[in-house]
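Colleague: I'm new to this one and would like a guided close look at one part of it. Could you walk me through it in plain words?

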Amino acid sequence: PTPPRQAPQSSKSRSCARVLRLPRPRLHPSSMRLLVLALLLQGACGQLMSGFQKFQVAAGLNTANGVDVLPSGQILVSSRTGTIQQVVSGQVYGYLDLSAVVDASGTKGLLDVAVDPQFLSNGYIYVFYTRNGVAGPNGAAAKTARVSRFRHVAGNPSSALLSSEFVVWADNTGYPASKDGYAAAHNYGGQISFGPDGSLYVSTGDKGDDPTSRSVNQAQNYTSDTGCIIRMNTDGTVPNGNIYSGCWVKGVRNGMRSTWDSVTQRYYVAVPGTGA
């Protein structure tokens with residue numbers, strides 16, 4: 001049998017983040033999103049790179065942590081506190097409010113937003129967030145990380161239909177309990193991207209499940225979604241080729257940022273933090 005895939009260690013240590021390189025020899029039809037934007041504008045450690053300029057697109061955004069662009073040019077900006085805003089001609093409007101069902105403690109929250117590559121025909125966007133104690137919809141448990149699909153509603157301004165939520169993937173292990181004074185509210189990732197095979201990829205984390213303070217290291221548990229790169233079909237079914245269930249790659253500490261590179265045909269994961 002083929003041995004399970006593990007996220008390889010970077011051969012070059014970096015002071016700000018480690019990039020994991022996972023080969024996947026297929027073409028990639030979609031663009032590289034927030035990772036490229038962050039690297040080009042801020043550089044590896046927050047410095048503007050030579051030859052680039054930065055300018056203000058909009059003001060008044062709420063703790064922005066993810067971005068994608070609709071075909072119309074509207075910019076969708078996610079906020080960890082549970083909202084998605086849209087920027088239209090420099091003005092900021094509401095787009096989707098999930099704050100009533102988002103758990104934003106620690107580094108949980110609404111973590112990313114992504115536009116379906118087939119948006120013009122299906123009108124779908126996808127949101128990666130951590131759910132609070134409210135269960136649902138379509139049978140999804142409370143207190144789980146999840147990726148949900150929403151339908152775009154055209155308008156001036158446009159919006160996403162809250163009642164259209166469909167859970168594409170929900171974490172099968174939920175949130176670990178605190179142990180020995182170590183709070184389990186950190187290392188949840190993450191970012192959504194679309195692969196060359198049309199599947200949806202989500203970089204997650206180990207949920208602060210440090211083996212030095214817990215009896216079980218879920219990032220090395222091959223029945224848990226913790227510490228995985230998740231790979232799902234956009235309709236919620238599991239594609240062939242995963243290690244198990246929705247898990248494509250195992251052993252990720254905290255996949256804060258991730259993207260497919262159409263030039264090198266590789267999937268990159270940026271892992272922040274001390275000892276990353």
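Modeller: Buried residues make up 48% of the 276 residues in the protein chain, where buried means under 20% relative accessible area, exposed over 50% and partly exposed in between, with a 1.4 Å probe and protein chains only. Before we zoom in, some ground rules. This is a predicted model, in which local features need pLDDT of at least 70 and side-chain atom pairs count only at pLDDT 80 or more, while totals for chains, interfaces and linings use all residues. Residues are numbered from 1 along each chain as its sequence is written, and side-chain values use heavy atoms, with hydrogens and water left out.

As for pLDDT, that's the predictor's confidence in each residue, from 0 to 100. The protein chain averages 81, and 76% of the residues score at least 70. Residues 34–44, though, have a pLDDT below 50. The pLDDT also stays under 50 over residues 1–32. Where pLDDT is low, the predicted coordinates should not be read in detail.

Now the overall parts list: the protein chain has two helices and 15 strands. Helices (H or I, at least four residues) and strands (E, at least two) are DSSP runs, numbered from the N terminus.

On to your sheet. Two strands count as paired if DSSP finds at least two bridges between them. Strand β11 (residues 200–203) runs antiparallel to strand β12 (residues 228–232), and four bridges join them.

A disulfide is a pair of cysteine sulfur atoms within 2.5 Å; C228 and C247 form it, with their sulfur atoms 2.2 Å apart. C228 lies in strand β12 and C247 in strand β13, so the pair ties together parts that are 19 residues apart in sequence. The torsion about the S-S bond of C228 and C247 is about -95°, so the disulfide is left-handed. Both C228 and C247 are buried.

For comparison, look at strand β8 (residues 145–153). Seven of the nine residues of β8 are buried, so the strand is largely enclosed by the rest of the structure. On one hand, β8 pairs with strand β7 (residues 124–130) in the antiparallel sense over seven bridges, with F128 standing opposite V147 in β8. On the other, seven bridges join β8 to strand β9 (residues 159–170), again running antiparallel, and R146 has A170 in β9 as its bridge partner. A hairpin of five residues leads from β8 to β9.

Conventions: Contact means heavy atoms within 4.5 Å.
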